[in-house]
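Have the viewer open as you read.

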Amino acid sequence: MAASRARAPGRLGRRIAAQFLLAASLPAAVLGVLAYGSLRAQTQEQQQRRLEHEIGADALRVFDRLVAARAALRLLAARGEQPAALPPGSLFTAISLDDPHAAALPAEPEARTLLAWWRSAPRPPGTSLHWKAGGDAATVVLVLHQAGGNRSWLAQVDARFLWADVFEAFDGGTACVRDAGHAALHCAQGAPAAPAAEPAAGLLHASKPLFLEHEFGAGDWRFEASRPRGADALAGLPLGSLVAKVVLALLLLVAVLSLAQVRRTMDPLRRLVAVTRRLARQDYAARVALSGDDEFRELGESFNDMATQMQVHVRELQMLSSMDREILDAADADRLLERALELLGELAPGATVAIVVVDAADRGRPRLQWRSAAGGAGGTTIDDDAARSLTALADAGAWLEPDGPPALAARRLGLDGAVLYRTAASAHGRIEAAVLVGAADLALDAPAWRARIDGLGRRVAVALSAAAHARQLMREATHDALTGLRNRAGLQAALRVALADERPFALMFADLDRFKSVNDSLGHPAGDALLRVAAQRLLDALPPETIVARPGGDEFVLLLDTGPQARLAPEAAARAVCACLGEVFVVEGHEFVLGASVGWSLHPADGDDANTLLRRADLAMYAAKEAGGARTRRYDAALERAAEERAWIVNELPMAVERGQLVVHYQPRVDARTGRAHGAEALVRWRHPKHGLVSPARFIPAAEETGAIRAIGRWVLDEACRQLAAWRREGVAIERVSVNLSARQLAEPTLFDEVRAALVRHRLEGGRLELEVTESMLVDDGGTATATLTRLRVAGVLIALDDFGTGYSSMSYLGRMPLDVMKIDRAFVRDLGDGGPADSVTRAIVALAQSLRLRLVAEGVETEAQAAALRALGCDELQGFLYAKPLSAEDYPHAACVAAEAAVPAG
């Protein structure tokens with residue numbers, strides 16, 4: 001079974017044989033068709049010629065018989081008398097003499113009939129032939145007219161004599177003799193006398209004329225015959241069957257020959273396929289043996305040579321690929337050199353090898369490193385002359401002179417041998433290393449061997465260049481390009497290592513205070529220079545093992561060890577950071593005192609993952625910054641709760657207006673002299689469905705940061721105007737309502753139109769509305785806010801300066817601002833009456849307001865002593881818990897009356 005499978009032609013063999021057979025089938029079929037057509041035409045032509053020959057013979061036979069009958073008639077005429085009776089064996093059925101001088105007619109009836117017929121016919125001279133068609137055979141009469149007389153011999157030719165054996169061979173066919181008028185003179189048995197209108201299909205037709213004019217003076221006869229075509233046959237065999245058998249025999253011969261040739265071709269090809277499969281399975285010892293003197297033997301020999309070369313190269317590639325994998329894996333450069341030396345030992349067995357690496361990290365003097373297969377290794381063991389001789393290389397390899405400096409330097413590295421080979425390991429136009437081989441003789445001096453050594457040198461160069469590039473990329477990926485400190489990725493990597501080691505550490509955030517002023521005043525290059533100075537100060541102020549990173553901006557992150565061996569406690573480190581960053585920075589001749597806010601978290605006390613520790617240290621840093629900056633803060637749980645609160649406030653505050661969760665409470669402002677409540681300050685509250693009534697101190701800062709304050713401010717303005725209009729319609733004694741403006745509202749170019757629209761919408765005069773602004777809004781104003789407030793004041797709206805004395809107070813802007821009211825902050829009111837600085841400051845504020853002719857309002861009045869002191873100083877209006885807390889719109893009318901009664905001074 002296995003042998004039969006081996007002898008099978010296979011798919012390719014069957015395909016080739018089928019193609020051969022198909023290629024032979026077409027011409028064989030064409031040849032068969034052409035041969036069949038040619039042979040068929042020949043057989044039909046033979047049948048046609050045979051039919052024409054047969055009727056020609058019949059015509060000649062009839063002609064001979066007519067000539068014989070004429071000769072017999074002449075003999076009779078030569079006797080001179082008409083015979084009384086026909087002689088025995090006569091060719092005629094009747095003979096008569098037409099003699100006009102004869103007294104009586106012939107006695108025989110046939111003779112009399114013949115004579116009567118003749119006398120009605122013309123009488124040409126000489127012998128003539130006449131006939132009359134009718135019945136199965138025509139009456140044929142020979143007439144011999146004697147010249148010089150009027151007598152004519154008449155003889156009716158016997159039909160049996162004339163037509164005997166004519167057309168006897170036409171079985172199944174038709175044949176007739178016809179005269180010029182197509183009258184039938186004689187036809188074969190069963191043949192129709194009338195001529196066919198058209199020749200019948202499938203019949204052979206032949207026609208032969210019999211010329212009688214010259215011999216008998218009569219019109220020509222025509223012998224016509226039709227016969228069915230015979231079967232197409234050749235040598236007694238049907239022609240179609242014979243041609244088909246010949247074609248099949250030809251195809252069979254082609255198939256046999258093609259299979260034999262395919263088998264002869266496929267056998268060596270099958271062997272080549274089998275050995276190729278072995279080679280594909282990495283059986284590099286596979287060889288093929290092919291006999292013969294054709295191309296297959298040459299192909300087999302070439303295949304064996306190729307397999308031998310592949311066996312050598314695959315081993316080499318296996319060695320080199322391991323090195324390439326290490327290059328791609330960015331393995332350590334020392335490990336790559338060790339692997340390269342192993343490969344050198346396999347490529348040059350029996351030789352000593354070394355690799356001298358050019359380390360250009362020290363740009364002042366190149367440092368040389370080397371590895372030797374003999375086990376030696378070194379760094380700076382080569383003098384400058386030897387270093388130059390070994391590194392002054394071209395790309396091509398070269399044999400070293402035995403007594404030359406490179407050879408002497410190579411031997412100092414441990415290379416032995418009578419000859420030394422050196423090749424450059426260069427990449428990107430830079431010499432990375434020198435590959436050195438020491439051999440006992442010149443046996444290794446072969447192009448292929450040198451090519452391998454040179455190729456290994458190039459790989460060494462690529463490996464060293466890739467390692468250096470990987471180190472550079474790693475540094476660029478993990479270090480800040482501006483300061484050289486770790487960046488965010490480098491910090492994350494350091495945190496992963498510290499967390500994996502499970503050692504205690506502090507994660508510290510330090511943010512420069514007022515850094516924006518440097519960028520704004522001197523530009524970003526100056527800011528970058530300051531950041532570099534700050535980075536160096538941190539490195540100098542902290543222990544060397546401290547990891548300092550700059551994730552971005554003016555923010556620094558420190559990873560400080562807090563274990564038993566720690567050199568600095570977190571609190572001390574935080575103070576050191578604040579101290580070094582609080583010193584004067586000199587940038588481009590300008591001095592800056594910035595300071596820094598520092599916050600930190602501890603591992604594992606404050607978290608056991610990087611994100612938690614980073615977030616909590618950041619919370620602590622922002623708490624330090626919000627507390628005024630230039631201070632430190634450790635994370636505690638209260639910061640987390642505040643952050644969580646801020647998170648839900650920021651998420652839900654933008655929808656508070658749309659959901660109708662905001663309400664306005666009103667705190668009365670009473671006249672200090674009369675106690676009458678002239679107006680009220682509108683204070684927004686957030687009635688949250690889950691957290692209850694939220695004070696503005698909790699959500700207004702978030703609204704300022706997120707921009708939601710714009711929508712809230714517009715709503716409060718409109719709601720306060722609406723409520724004031726409603727109270728006035730109800731007769732509540734209130735003159736005006738005071739509404740706080742945010743910095744974002746004041747910066748809006750549409751503020752004037754929004755205020756006017758609210759007043760018009762609720763039918764209020766401008767004097768019924770008082771808008772409160774803070775000092776910081778006016779100090780930081782570039783002119784836009786002042787212009788807007790001026791327009792509002794011209795429209796009748798009152799402008800109040802809130803929290804005076806707590807911000808960047810400046811006397812210069814007060815005279816320029818369009819102000820009507822000044823409010824004393826509760827921080828001064830709280831300490832009134834104790835004889836401290838608050839009394840002096842409040843007295844100065846009152847004097848300033850009076851000099852500017854501003855109405856003065858004091859906030860945060862909680863005791864009667866504070867109210868008395870403010871009245872004594874000349875304050876116009878009082879506001880605080882002494883009179884009423886902020887009230888809902890429903891409770892305000894009644895509470896305002898109670899507050900007025902309580903405000904009337906005794907006596």
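## The largest pocket

Strand 25 (677-688), helix 18 (696-706), helix 19 (709-730), helix 20 (743-747), strand 28 (769-774), helix 22 (775-779) and strand 29 (798-804) each give at least two residues to the lining of the largest pocket. Helices (H or I, at least four residues) and strands (E, at least two) are DSSP runs, numbered from the N terminus. A pocket here is an open set of points on a 1 Å grid over the protein atoms alone where a 1.4 Å probe fits, with protein on both sides within 12 Å along at least five of seven lines; lining residues have an atom within 4 Å of a point.

Of the 42 lining residues, Ile700, Asn740, Thr774, Asp802 and Asp803 sit closest to the centre of the largest pocket. By type, the lining splits into 17 nonpolar, 13 polar and twelve charged residues (Asp, Glu, Lys and Arg count as charged; Ala, Val, Leu, Ile, Met, Phe, Trp, Tyr, Cys and Pro as nonpolar; the others, Gly among them, as polar).

Now for an open sheet of five strands, ordered 18-19-17-22-23 with mixed pairing; two strands pair if DSSP finds at least two bridges between them. Strand 18 (547-552) and strand 23 (632-634) are the edges, each pairing on one side only.

Strand 22 (residues 596-603) and strand 23 run parallel, joined by three bridges. Gly599 has Arg633 in strand 23 as its bridge partner.

## Ground rules

This is a predicted model: local features need pLDDT of at least 70, side-chain atom pairs count only at pLDDT 80 or more, and totals for chains, interfaces and linings use all residues. Residues are numbered from 1 along each chain as its sequence is written, and side-chain values use heavy atoms, with hydrogens and water left out.
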